[in-house]
Amino acid sequence: MARDRTILITGTRKGIGRYLVDHYRRQGFTVFGCSRGPMESPPEGYRHFQVDVADEAGVRRMLRTISADHGRLDVLVNNAGIASMNHILLTPVSTVHRILDTNVVGTVLLCREAAKLMQRRRCGRIVNFATVATPLKLEGEAIYAASKAAVVSLTEVLARELAPLGITVNAVGPTPVKTDLIRSVPAEKMEALLDRQAIRRFGEFRDISNVIDFFIRPESDFVTGQVLYLGGV
Amino acid sequence: MREQNDIIQILYAAIDELNPQLPPEQRLEKSAATVLFGEGGRLDSLGLVSFIVAAEQKLTEMADISLTLADEKAMSRRNSPFRTVATLAEYIGERLAESENG
Ligand SMILES: NC(=O)c1ccc[n+]([C@@H]2O[C@H](COP(=O)([O-])OP(=O)(O)OC[C@H]3O[C@@H](n4cnc5c(N)ncnc54)[C@H](OP(=O)(O)O)[C@@H]3O)[C@@H](O)[C@H]2O)c1
């Protein structure tokens, strides 16, 4: 079913993004991806771009290459994201800029450039990454939670702006998943966090791909502007 | 400086690309005088967005020019550069001259 379908996933060097590459290769997608660093042993049928999502010229070049080589883009997954645990009183402004650049500016640039390509066929799917840190109002993650609140807002407004072009925009909001992103969070903090979920366990990669699979299937063309939080948050 | 006529040809290519996607009453004629947007214009706001995207794409494909046409400068002008094919070509010419001199 996915024959010839193309997907672009950001932040594929490691973590959730790396898993998603294999997941969508298995479904038969042609997979493109990017991260600031190179990808070790990329699988067949995958093309890696070493691009920072906040770099406008780099993002435009990447989308132009995809357009020239493949002529179409069916799905964009804005997975690239960074976090930083810090009390607000101890948060340097450079950290604020870094988080906003990757999580907000990066998502905006990718949505804009991908939608330009998708609108030619009047059809496309965009999936953004939110987090439960926003609705749970996690202490110590003010900037991260705020950056993802911006992603939620973007998702809701872009859903309306891009609907006439046949593009849906939704977001998945994962609970904690064991990746480098949360490695430095103390165990007792993690336990307290899991306790606030309806279902108290860590998220798995497949919990996330299950939601993305739903958003991007052809039958979901009437589903847009939605944020789906996992774990019952 | 690129000849105005070259730019107009590129805009015609964008029109060719866009027309099949437009409802019949919005389809554009390949003429410098074609009114794109505003009073007497054929495009609605979504049509204009699609036209600008097609024009940016043709500029890249045909002339290896990478421009964001709808930037703050364009939007804050009193006379919109997106009024007709000719005004848009003129605007693109100005932007290219700027980037060559700057
Ligand atoms: N893990 C969790 O508990 C959790 C919970 C909720 C939401 N999320 C969200 O899930 C997404 C993925 O997180 P993860 O856990 O997989 O994180 P991760 O293991 O730290 O991986 C992040 C990935 O993004 C890439 N990246 C970071 N900044 C980038 C930039 N500016 N441009 C391009 N690529 C960039 C990284 O590669 P490079 O370093 O090479 O650039 C890496 O491949 C994020 O949006 C995160 O907010 C995660």
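**Helix H4 of chain B**

Guide: The buried residues of H4(B) are B:Val85, B:Leu88, B:Ala89, B:Tyr91, B:Ile92, B:Gly93, B:Arg95, B:Leu96 and B:Ala97. Buried means under 20% relative accessible area, exposed over 50%, partly exposed in between (1.4 Å probe, protein chains only). This is a predicted model: local features need pLDDT of at least 70, side-chain atom pairs count only at pLDDT 80 or more, and totals for chains, interfaces and linings use all residues. Residues are numbered from 1 along each chain as written, chains are lettered from A and ligands numbered from 1 in written order, and side-chain values use heavy atoms, without hydrogens and water.

Visitor: What covers the buried residues of H4(B)?

Guide: The cover includes helix H1 (4–18), helix H2 (45–63) and helix H3 (72–75) of chain B. Contact means heavy atoms within 4.5 Å. Helices here are DSSP runs (H or I, at least four residues; strands are E, at least two), numbered from the N terminus.

Visitor: And which residue caps the N-terminal end of H4(B)?

Guide: B:Thr84. One of its side-chain oxygens lies 3.3 Å from the backbone nitrogen of B:Ala86.

Visitor: Zooming out, how many helices and strands does chain B have?

Guide: Chain B has 4 helices and 0 strands. Its radius of gyration is 13 Å, close to the 13 Å that the globule rule gives for 102 residues, so chain B is as compact as a globular protein of that length. That radius is taken over C-alpha atoms, and the rule is 2.2 Å times the number of residues to the power 0.38.

Visitor: What share of chain B is buried?

Guide: Buried residues make up 46% of the 102.

Terms used. A polar contact is a pair of N or O atoms within 3.5 Å; within protein, one must be able to donate a hydrogen and the other to accept it, and residues adjacent in sequence count only if both atoms are side-chain atoms.
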